Amino acid sequence: MSLFGNSRPPYEPMVRGEPETHLLTEDESSLSANGNSHLGSNGTSAAGESGGHKLVRRYVLLLERVKYGILIGSGVIIVVGAILSVLFLKNTSLSFEAPDGSPSYKAQEAIEDEFDAKSTQTIICYITAEDGGVLDLVASEDTPLKVFSEEFNRTIETSDHVNALATFPLYYYALNDAGYVMEAHSFVSADQTSSIVAVVMDADSDDFKGLKKDMKKFVDDYSHDEIDPVLTGKTIFGDDTVEGVAHDLETIDFGLSLPLALIVLSCFLVSVRLLLIPVLCVLVSATASFGLMYPVSEALTVISFAPSIMMSCLIAMSIDYSLFLLSRYREEIDGGATPFDAVVTMVSSAGHTVLASGSTLSLCFLGLCFFPMDLLRSIGLGCALAIAGCVVTSLTVTPSMLLTLPGFFSKSDEWLRKALDFVFNCKCMRKESGTDYKGLSGAIDGTDEEEQHLTNGNGDAVEENKDAQLITEAQKSCYYRFGHKLVKYNRWIGATMTLCLALPFGIMLKDFEQSASLTLVTPRNADSEKAFEALGEDFGAGTLFPYTLLSTIPDKSANNFDNCAGIPISQPCANADDTQALWDEVVNAVEAVQFDDAVESISSVLYTRASGTDVVTSYNEVRTNLWTALGGGCIDTTGVSNEVNFFGCPSRGPTCDETVCSTFFNLQTGLNEQATALKVTLYLSMDPFDPDGRQWLDDARSALDDLGDKSKTGMQFYLANGAGSFIDEISQVYDLLPVMIVVTLLVVFILNAINFRSGAIPARAVFTISVMLLAVYGASVIVYVKDGLGWLGIPGLEKAGEGALCWVTPVMSFSILVGLGLDYDIFLLTRIVEFRQEGHSNNDSIILALAMTGPVIAAAGLIMAIAFAGLLFSGLMVLNQLSFYLVFGVVLDTFCMSTIIVPCIMVELGERNWWPTKMPAVTKAKIPGV
C-alpha cells in the first residue's frame, strides 16, 4: 500500500477493460441483485477493478451506510465549533516572550532577581487638544487636561480590577503636585500640544484584562470639546488587531473571497446546486479547526492575525479540493456513469490528489512548529488543522452529500449554461448528459441494447471507442494544442521560462530587508496605531518601548552603588570614591551605546535634566541632594499609594528645588535595596522595532559585553525591555530558517518518492519549487522594498515606512508556497501517470493530461488567487504582504510552473521520469497532431 492509502502500486498497469476477477462483497452483490450494474466510467464492472479501486468502492459503500450520521455530525460540529470559535478569537494576543537563553531572557531574569520585578505591560493614554492647539497646564485651575487626568486616575483606583496595577498611574499633575516637576514635564510634549498618562500593569495578573477593559470604556465614553484621549500600547495593538481580524473575516473572507470563489466554481461546473457542498465543507472545516484551536490558545500564545491566515487557507483549499472532486464527478456523470460509480471514481482519482496535497501541505505547516516561538507555532498548527479539516470534509462530507441526493446533484443547471453561452458566446465545457438517475446507483436510462452488448461482450471495441472520445474531447482544449508546442520546443520554452524567473527576481534578493515594526501587524489607521505614530513624533519614537540598562555587581563585592548610605553629608565617607568609580562605569556604559545620538533621553539618578539635556551627576551631588531632601523636610512619608513605596516631594522649603526632588525620585526607582543593581532607562530616538533600532540593539549589546569583560569590579551589563524579546525571537527564527527549509524540501522529496516510486519526480519537484520561491521572494522585494507598485495607489501594495517586509511573511509563506507548488503538480502528475499506465507514450500522456487538467488547474488557480487576494484589502500590512506572496505564487504556479516548466522538464526526461520503476510498454497509437 502506498503512503496515501492506494493499495495498487502507482505504476501497476491498469488498462481499461482488462479483466480481473474478485469476489463481490455482500453489499455489492445485493446492489447487483437489485439491477445495479455499477458500471464504471471505463466500461468495466465491479469485477474488473484493480485492488485500489475495490478498496475505494468499499469505502464509498461504508459512506453510504453512515451518510446521514456524517451529515448530522457535521451540523453538530458547526454549532459547537461556532461557540468555541468565538472564544478562540477572543483568546488571541500580540504578546511576545523572550526565548530561553537569549540576551533579553537573561536580562529579564536579572531584573527580576535584583528588583523582585513583575512582568509588566504599559498602556499609554495619549491626549491632544481637540483643535490641535496648546494644552493648558495651569495646576491651580480645573483645566480640561487636569479634569480628564484625575477622572481617569480615579476610574483606575476605584476599579474592581485595581490589583492589576504594578505602580500608580503617572501623569503630569500627579508628579507636579508631588514635587517632581522635572519628571512631570517629561509627560508633556515640548510644544505643549499633547500629554500622556502611563499605566504600568502586571501582565500576569488575573485582573489585567478587566482593568484594561475599564480603561478602554472610560476613554471611549469620555466626551469633551477641548481634548481627545486615545489609548495605545502593545496590548491595545493586540486588541485592535483582533477586531481587525474579526472585521476581515466578516467582510473580506465571507463577504468577498468566498462568494467570488463560489461564482467561479459554479461557472466551471455549470451548476449552482453543487455549491451547497463546498459551502458546507467550508463551514464544517472552519468551525472544527477554529474550535480545536481554542484549547490550543489556552496553552500557547496565538498571534492575533492567525485566524485570518487560517480562514484564507481554508477557503482556498476547500474550494480547490471541491473543484478537483466535483469536476471529476461531473466528468464521470457526463460520461454515462451512475452516481455511485461516479463517486467511486471521484474518490479513487481526485481523492488521491486531495489526500496527497493535503497531507503534504499539512506537514509543511507543521514545520513551523519546529521554531521555538509561539507566534509561528500557533500559525503552523492552526493552518495544519485547517488543511486537515479540508481534507477530511472533502473525503467524507462531499461524497455523503452526493450519495444522499444523487438525482439532485447529478444534473447541471441549464439556465446557467445558457447564460454562460450568451456571455462568452461559446459552448460550455460541460455538456448535459440528459441522464435520469434513480436511487443510489440506478440503471442508466437511455443505454441501448447494442451498447450493453458491446459493454458485456466486446470490451476492446468499447475501449477503442472511449479512446477516440477521449482524444476528441482533448482536442477541444487549447491546452491540447499548447501541449504539442511544448513537446516540440520543450528545451527552448523550459529553459527560457526558468531563466526569466530565476535570474531577474533572484538578483533582487540582495536588497531584501525585513522589519519587526508593530505597525506592520496592527490595523492601518487604527486609533492606537495613529496615536503611536503621533507619540513618537511628540515624545520620541522609543517612548512606548524604552530599554532598561541594568548594571549589577557581585553580591560579595566590598563596594556597592551607595556605599555611604545612612552617613550624613556632613560626615566623611571613606568609600565614596569607590562608589563614584562604579557610577563612572555605568556612565561609560551609557556613553558606549550612544551611537549617533541614538538615545534621545535618559532617566536615572546618574543624570540631571537641564535645558533639555541630560547632565551627569556625581555621587556626592546625589548625596547632597538626598540629605537636603531628607533634612529639609522635602519628603512626605505619610502616604503610600497602591502599596507602592513612593514618597512625595512637595517642596515645603526653599531648599527643595526640582533637582533635589528629581534625585530622590530616581533613587527610589533606580536602585535596589542592596544597592547592588542600578537601572538606567534609555529612550531611543528611533522605533526600537525598525531595522535601525535592531541594529542599535546589536551594536549596544556588543559594546556592553566588551565593557563587562574589561570591568575590574566584575560589573555586568544587561539591556532589558524595549524590543529585545521580540528581536531575539526573530533572530532565533532566522537562525533556524535554513534548517527548516532543508527539512521541508527533504520531506517533499521523500513523500513524492514514496507516492510515485520515482527518484526523478521528487528531484524535479524540489527544483521547480525552488525556482518558484526565488521568483516570489524577489518580486516581494520589488513591491515592498523598492515600491514597484506604489504608483497604483493601493495601500496593500505600497511599501511600509522606509521600505521593508514584515519579518514573519517570508517565514510563514514558505510552508504555504511549498504546499501550493505541489498541489497542482500532483494533480497534473496523477493524470500523466494514469494515461501512461494505460499504454500512451510519455509525450502523449503529458499532452492528454494537460488537455484534461489544464482547465481545472486554471480554474483552481483563479479560485485560490481570489481567496488569497482578499487579504490584500485587509487593514493589516502583514496580511497584505502575505496576500501578495500567495497570489503571485499561485498565479506563477498555475500558468508557468505546472503548465509550462513541469511538462517541459518531463518531456526532456522521457522515460527517466519514472526511474527506477519501469512503466508498461506503449500499446496506444500516437495521438494526432494539431
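Is V219 buried or exposed? V219 counts as buried, because its relative accessibility is 7%, where buried means under 20% relative accessible area, exposed over 50% and partly exposed in between (1.4 Å probe, protein chains only). The structure is a predicted model, in which local features need pLDDT of at least 70 and side-chain atom pairs count only at pLDDT 80 or more, while totals for chains, interfaces and linings use all residues. Residues are numbered from 1 along each chain as its sequence is written, and side-chain values use heavy atoms, with hydrogens and water left out.

**Buried valines and their distant neighbours in sequence**

- V219 is found in helix α7 (residues 208-221), where helices are DSSP runs (H or I, at least four residues) and strands likewise (E, at least two), numbered from the N terminus.
- The C-alpha atom of V219 is separated by 8.6 Å from that of C125, and these two residues are 94 residues apart along the chain.
- V808, which is found in helix α26, also counts as buried, at 1% relative accessibility.
- Between V808 and S515 the C-alpha to C-alpha distance is 8.9 Å, although 293 residues separate them in sequence.

**Salt bridges**

- A search of the whole structure finds 16 salt bridges, each being a side-chain nitrogen of Lys or Arg within 4 Å of a carboxyl oxygen of Asp or Glu.
- One of them joins the side chains of R328 and E834 at 3.8 Å, N to O, and this pair links distant parts of the chain, with R328 in helix α10 (residues 306-334) and E834 in helix α26 (residues 808-837), 506 residues apart.
- R328 counts as buried at 10% relative accessibility, and E834 is buried too, with a relative accessible area of 16%.
- The side chains of R831 and E331 meet in another salt bridge, at 3.9 Å from N to O; this pair likewise links distant parts of the chain, R831 lying in helix α26 and E331 in helix α10, 500 residues apart.
- R831 counts as buried at 7% relative accessibility, whereas E331 is partly exposed, with a relative accessible area of 25%.
- R701 forms a salt bridge with D728, in which the closest N and O atoms are 2.6 Å apart; R701 lies in helix α23 (residues 691-710) and D728 in helix α24 (residues 724-756), so the pair ties together parts that are 27 residues apart in sequence.
- R701 is buried with a relative accessible area of 14%, and D728 counts as buried at 7% relative accessibility.
- Salt bridges that share partners join R328, E331, E332, R831 and E834 into one network.

**Helix packing**

- Helix α17 (residues 478-488) and helix α28 (residues 877-909) pack at an angle of about 50°, with their axes 9 Å apart; axes are lines fitted to C-alpha atoms, for helices over the stretch in contact, and angles run from 0 to 180 degrees between N-to-C directions.
- α17 and α28 are therefore oblique to each other, since angles under 35 degrees count as roughly parallel, over 145 as roughly antiparallel, 65 to 115 as roughly perpendicular and the rest as oblique.

**Nonpolar surface patch**

- Y68, I72, V76, V79, V80, I83 and L87 form a nonpolar patch on the surface, with about 680 Å² of accessible area together, as given by the Shrake-Rupley method with a 1.4 Å probe.
- Patches are made of residues with over 30% relative accessible area and no salt bridge, like charges being joined within 9 Å and nonpolar side chains (Val, Leu, Ile, Met, Phe, Trp, Tyr) within 5 Å.
- V79 is found in helix α2 (residues 51-90) and counts as exposed, at 52% relative accessibility.
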